[in-house]
Every structure is written in structure tokens, then in C-alpha cells.
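Thanks for coming. I will go through one model today, starting with the strands and ending with the core.

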Amino acid sequence: MEIKIGVQNVGREIVLESDQDAETLAKTVGEAINAGTQLRLKDDKGRLIIVPGNALAYVEIGAEEVRRVGFGQF
């Protein structure tokens with residue numbers, strides 16, 4: 001699932017792919033914002049992304065969808 005993170009006073013957003021479900025991600029983001037701590041997320045390649053919770057502008061969690069493979073009909 002694609003996640004876009006906007007950071008205050010930064011023109012570019014952070015974009016990553018994660019294997020976690022939307023509910024778990026939303027809970028993690030909410031906890032970081034409420035506590036003012038770091039938002040720590042791992043992408044699907046194992047990289048760790050750390051953003052200060054008080055610097056978050058927005059977090060967009062993409063819809064869960066099944067990826068299609070091949071040339072089947074849509």
C-alpha cells in the first residue's frame with residue numbers, strides 16, 4: 001500500500017510502499033501525533049523511515065488493492 005507523508009516547511013513529500021494494513025498504519029500515525037514522538041515506518045524493502053511527529057503536515061494512506069499480473073481481462 002502506498003503512503004505519502006507531508007512534512008511541514010518541506011516542498012517534497014515522502015512516498016513509500018508498506019506491507020502493513022491501513023488500520024495498523026493509521027494507529028501508528030495517530031500515536032506519533034498524539035504523543036509528539038517520532039513516526040517510524042518500515043517500507044516493503046525493509047528500510048526504516050523516521051519523521052518527527054510534531055513536523056507532520058499530513059499522512060495519506062492509499063487504498064488496499066490486489067496487484068494484477070499478466071495480460072488478463074479487466
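Start with strand 1 and strand 2, which are paired antiparallel over four bridges. Helices (H or I, at least four residues) and strands (E, at least two) are DSSP runs, numbered from the N terminus, and two strands count as paired if DSSP finds at least two bridges between them. Before going on: this is a predicted model, where local features need pLDDT of at least 70 and side-chain atom pairs count only at pLDDT 80 or more, while totals for chains, interfaces and linings use all residues. Residues are numbered from 1 along each chain as its sequence is written, and side-chain values use heavy atoms, with hydrogens and water left out.

Back to the pair. Isoleucine 5 has isoleucine 14 of strand 2 as its bridge partner, and lysine 4 has valine 15.

Three strands form an open sheet in the order 2-1-5, with antiparallel pairing. Strand 2 (14-17) and strand 5 (56-61) are the edge strands, each pairing on one side only. From one strand to the next, the twist averages 15 degrees. Helix 1 packs on this sheet and touches strand 1 and strand 5, its direction making about 170 degrees with that of strand 5. Contact here means heavy atoms within 4.5 Å; axes are lines fitted to C-alpha atoms, for helices over the stretch in contact, and angles run from 0 to 180 degrees between N-to-C directions.

Which residues of helix 1 are buried? They include Leu25, Val29 and Ala32, where buried means under 20% relative accessible area and exposed over 50%, with a 1.4 Å probe and protein chains only. These three lie on the same side of helix 1, because they cover an arc of only 65 degrees around the axis, taken from the directions from the helix axis to the C-beta atoms. The face turned away from the buried side carries exposed Glu23, Lys27, Asn34 and Ala35. Just after helix 1, glycine 36 takes a positive phi of about 70 degrees.

Last, the core. The largest nonpolar core has 14 residues, and Ile5, Leu39 and Val51 have the most contacts inside it. Such a core is a set of buried Ala, Val, Leu, Ile, Met, Phe, Trp, Tyr and Cys residues joined through side-chain atoms within 4.5 Å. Strand 1 (2-7), helix 1 (22-35), strand 3 (38-42) and strand 4 (48-52) each supply at least two of its residues.
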